[in-house]
Amino acid sequence: MPSLRLAFAALVIGSAFAAPAMAQTKTWSFGDATSPGSCSINNGSYGNVASCTQQPAGTVTDLTVRAYSSTGTGTVYETAALNYWGPDSGFGVYNQLEGTSVGSPNHSMDNSTSVGAIDMMLLSFTSAEILKSVTIGWSGTDGDFQVLAYTGSAPFSTDSIVGKTAAQMLTGGWSLVTTVNGAGNISTPDLNYAVNAGKVSSSYWLISAFNSAFGGSGATTGVDAIKVLAVTTQGSTNVPLPNTLALAGLGLFAIARMRRRQSI
């Protein structure tokens with residue numbers, strides 16, 4: 001019986017260490033310009049960066065956002081400008097062909113045929129994250145978009161985007177995760193889309209106005225124009241459960257007590 005009690009106590013301790021941990025869910029709001037939990041952004045410059053902390057009370061920058069757009073030929077990508085459009089809309093993009101015009105749909109992340117360019121945003125996290133959802137704060141009459149993850153074996157570099165076509169990106173480490181059909185005017189209320197049923201994990205993600213060169217299906221025809229209000233992720237590594245070490249310590253103490261009683 002004493003040995004049985006010891007075995008049971010060891011099983012309890014093992015279970016405490018082996019218990020699955022709930023990965024932390026995190027949100028970054030691109031419509032929040034307050035501190036903490038804000039995105040600091042310098043509007044109006046090509047290649048600019050937004051530095052963001054998690055909601056609701058982050059203090060350390062753990063996400064940066066950059067903008068890119070294809071050229072007028074609709075192929076090679078170059079840096080674009082990320083713009084903040086207020087607490088109800090979030091981030092939009094304008095490219096170097098559009099200039100600083102804020103006319104619709106140039107004020108948003110779009111694939112307008114008027115200039116032949118397709119805009120997208122790069123999300124760079126400080127650790128690998130499972131991108132769960134994207135919240136759209138505004139769209140035109142159509143808001144189809146795509147989500148891609150960097151899954152390449154080579155260390156990430158913006159060289160995997162700048163100067164590359166969509167086809168070259170797909171062979172250079174980028175993978176299409178999902179295509180979202182965002183048809184209709186969805187500016188009110190904000191609409192949240194689940195974007196990663198396969199739970200792909202990466203430190204680098206792209207959100208792009210629909211680009212047929214990335215593949216995918218389910219998008220409708222027409223000009224797609226959106227502003228991204230928020231993203232939600234889940235950590236790709238398990239977080240230790242609270243008090244796990246404390247439980248283990250109690251278990252070891254119980255074993256020591258039982259052994260001491262046996263020796264008396």
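Trainee: Which residues form one aromatic cluster with Y150?

Mentor: Keep in mind that this is a predicted model, where local features need pLDDT of at least 70, side-chain atom pairs count only at pLDDT 80 or more, and totals for chains, interfaces and linings use all residues. Residues are numbered from 1 along each chain as its sequence is written, and side-chain values use heavy atoms, leaving out hydrogens and water. The cluster takes in Y150 along with F156, W174 and Y204.

Trainee: How are the rings of Y150 and W174 arranged?

Mentor: Rings of Phe, Tyr and Trp (its six-membered ring) pair if their centres lie within 6.5 Å; planes under 30 degrees apart are stacked, over 60 edge-to-face, the rest tilted. Here the centres are 5.4 Å apart and the planes sit at 70 degrees, so the pair of Y150 and W174 is edge-to-face.

Trainee: Is W174 buried or exposed?

Mentor: Buried means under 20% relative accessible area, exposed over 50%, and partly exposed in between (1.4 Å probe, protein chains only). Y204, at 25%, is partly exposed. W174 has a relative accessible area of 1%, so W174 is buried.
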